[in-house]
Amino acid sequence: MSVPVGVLISGRGSNMQALVKACAAPDFPAHIALVIANCADSEGLKFAHERGIKIKLIEHTDFETREAFEAALHTTLSEAGVDIVCLAGFMRLLGAGFVRVWKGKLINIHPSLLPAFRGLNTHRRALESGVKQHGCTVHFVSVKMDEGPIIGQTEVPVYETDTVDTLSSRVLAAEHQLYPKCLQLVAQGDFRSLGFEGR
Ligand code: GRF
């Protein structure tokens with residue numbers, strides 16, 4: 001059985017691309033049913049469209065409230081039969097209503113070893129703090145930002161010569177490996193965390 005996945009992006013979409021490529025393997029337990037972007041200039045949309053994946057632009061600026069924007073997201077995902085939602089560089093905070101409806105089926109990738117460096121500018125903050133290990137985390141989304149149960153993490157070393165650019169490239173390469181592995185676990189129903197048994 002192949003689980004239909006919806007991916008939400010805002011920009012470049014390189015993690016979405018990694019998921020699309022992983023899903024192309026015949027034995028992968030999920031497929032990308034839909035890619036939604038909230039910004040018209042999201043480069044990732046073109047990539048998905050060229051591969052025959054259904055795409056949809058839902059711009060948050062077209063809605064008066066966050067709830068209305070999220071209702072449009074929810075309707076579009078549901079109509080496409082989506083069973084797991086992957087946030088991949090989706091730069092809008094999702095409200096409690098949306099998060100609760102998709103609980104256990106909504107996952108995110110974050111560019112740090114959570115619980116360290118929640119929020120933005122993780123690579124700069126990692127360099128400033130002097131940590132020797134940094135990395136990325138895939139986790140279920142809960143109502144509190146960057147706090148849901150962790151599905152998987154990858155560590156990368158931090159070198160004294162690192163800049164934000166070199167460190168973020170190293171982390172991004174790790175993200176592209178980690179996200180498909182974690183999606184596979186969730187799609188197979190192999191991941192269990194108290195209260196998050198969505199599938
Ligand atoms: C990634 O670093 C991801 O961890 C973060 O936003 C970035 C998105 O990059 N949430 P991309 O759009 O997937 O290339």
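**The ligand and its surroundings**

Student: Which residue has a polar backbone atom 2.8 Å from an oxygen atom of the ligand?
Tutor: This is a predicted model, in which local features need pLDDT of at least 70, side-chain atom pairs count only at pLDDT 80 or more, and totals for chains, interfaces and linings use all residues. Residues are numbered from 1 along each chain as its sequence is written, and side-chain values use heavy atoms, with hydrogens and water left out. A polar contact here is a pair of N or O atoms within 3.5 Å. The backbone atom asked about belongs to G13.

Student: Which residue reaches an oxygen atom of the ligand with a side-chain N or O atom?
Tutor: I109 uses a backbone N or O atom, 3.1 Å from a nitrogen atom of the ligand. The side-chain N or O atom, 2.7 Å from a ligand oxygen, is that of E175.

Student: How much of the ligand's accessible area does the protein cover?
Tutor: Accessible areas come from the Shrake-Rupley method with a 1.4 Å probe. On its own the ligand has 370 Å².

Student: Which elements give two or more residues to the shell around the ligand?
Tutor: Helices (H or I, at least four residues) and strands (E, at least two) are DSSP runs, numbered from the N terminus. The shell holds residues with a heavy atom within 4 Å of the ligand, including R12, S14, N15 and H110. The elements are α1 (14-23) and β5 (106-110).

Student: How many helices and strands does the protein chain have?
Tutor: Along the sequence the pattern is β-α-β-α-β-α-β-α-β-α-β-β-α. The count is 6 helices and 7 strands.

Student: Which peptide bond is cis, with omega near 10 degrees?
Tutor: The loop between β5 and α5 (122-129) contains P115. F117 is also found in the loop between β5 and α5, and has a positive phi of about 55 degrees although it is not a glycine. The cis bond runs from L114 to P115.

Student: What is the radius of gyration of the protein chain?
Tutor: The radius is taken over C-alpha atoms, and the globule rule is 2.2 Å times the number of residues to the power 0.38. For 199 residues a compact globule would have a value near 16 Å, so the chain agrees with the rule at 16 Å.

Technical notes:
Polar contact = N/O pair within 3.5 Å; in protein donor to acceptor, adjacent residues only side chain to side chain.
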